Amino acid sequence: MNYRRILAIGDIHGRFDRLSSVFNKINFSSKDFLILLGDYVDRGNENLHCLQWAMRISKLPNVVALRGNHEQMMLYYYLLGGTQAAIWLPNGGDRTKAELDKWCNEEELNRALRFINDRPLYHKMTIGGEDYIFVHAGLKPNKPLEEQDEESLLWIREEFYNGYRGSANIICGHTPTPFIERNRYYPIRLWNKITLLDTGSFMRDGKISCMDILSGTIWQSD
Ligand SMILES: [Mn+2]
């Protein structure tokens, strides 16, 4: 594989307007490789459009769409029950569910759930001798990738940011950058090889961000 760019897009959260804005800027083609870091749904007002876009584009051989914790909550809500099911609606799932109730028949809902269930939790690549791990939230420090649990990959925050000492570069979303640095809606590169690409897509001044891992170039929604 010899791609022109390795692109990663952070949290989307139902903001199809911002997704279109950033996606139009990158001029994505078959020469690129694209990783979506998850959280297509919840909190925005076009959750279904975002999910359907991810379902469509991930059929391309040069696109990987990961699972985010919001897709995980949705999956639990519809299929598995338990604590994660109970927290979906109050965490923005209410809006997604309203759209699904309105626009989807049972077959379409099942197709969406199957898509979510099939999402990988991480994607690893080696580029120029460097390892890159793309994952929604992060990794449990001091644990090999193969032994990571679903919970950490989808939900972890401070323990990962403060404790990660690995040699692989980690590209992730999940914690909006303004939660780490006030009023910052631009990706953050931490000292320990972690790059945070969730730039608060669902927030008033938030953006959706895309980064080319090879050049470091960043594109953002208007
Ligand atoms: Mn998120």
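**Note on a predicted model**

1. Y164 touches L139, P141, E159, I170, N192 and I194, leaving out residues up to four places away in sequence. The model is a predicted one. Y164 itself sits in the loop between helix 8 (158–163) and strand 6 (169–172).

2. Is Y164 buried or exposed? Y164 has a relative accessible area of 7%, and the cut-off for buried is under 20%, so Y164 counts as buried. The side chain of Y164 also reaches the backbone oxygen of A168, at 2.6 Å.

3. One of the residues touched by Y164 is N192. Along the chain, Y164 and N192 are 28 residues apart, while their C-alpha atoms are separated by 6.7 Å.

4. H13 is another loop residue to look at. Its place is between strand 1 (5–9) and helix 1 (16–26). H13 has a relative accessible area of 1%; the limit for buried is under 20%, so H13 is buried.

5. Which residues are in contact with H13, leaving aside its neighbours within four places in sequence? They are D39, Y40, V41, D42, R43, G44, N47, H70, S201 and F202. For D42 there is a further detail: the side chain of H13 reaches the backbone oxygen of D42 at 3.1 Å.

6. Five strands make up an open sheet with mixed pairing, and their order is 3-2-1-9-10. The edges are taken by strand 3 (63–65) and strand 10 (218–220); each has a single partner strand, so one side of each has no neighbour in the sheet. From one strand to the next, the twist averages 15 degrees.

7. Strand 3 can be followed to its pairing with strand 2 (residues 32–36), which is parallel and runs over three bridges. As for individual residues, L36 has A65 of strand 3 as its bridge partner.

8. The last point concerns two helices. Two packed helices are described by the angle between their axes and by the distance between the axes. Helix 3 (residues 69–80) packs against helix 5 (residues 93–103) at an angle of about 55 degrees, and the axes are 11 Å apart. The two helices are therefore oblique to each other, and helix 3 passes helix 5 in a right-handed crossing. On the side of helix 3 the contact is made by M74, Y77 and Y78, and on the side of helix 5 by T96, K97 and L100.

Terms used
Residues numbered from 1 in each chain as written. Predicted model: local features only at pLDDT ≥ 70, side-chain atom pairs only at ≥ 80, totals over all residues. Heavy atoms only, no water. Helix = DSSP H or I, 4+ residues; strand = E, 2+ residues; numbered from the N terminus. Buried < 20%, exposed > 50% of the residue type's maximum accessible area, 1.4 Å probe, protein only. Polar contact = N/O pair within 3.5 Å; in protein donor to acceptor, adjacent residues only side chain to side chain. Contact = heavy atoms within 4.5 Å. Pairing = 2+ DSSP bridges. Axes fitted to C-alpha atoms, helices over the stretch in contact; angles between N-to-C directions. Parallel < 35°, antiparallel > 145°, perpendicular 65-115°, else oblique. Left-handed = near helix turned anticlockwise from the far one by under 90°.
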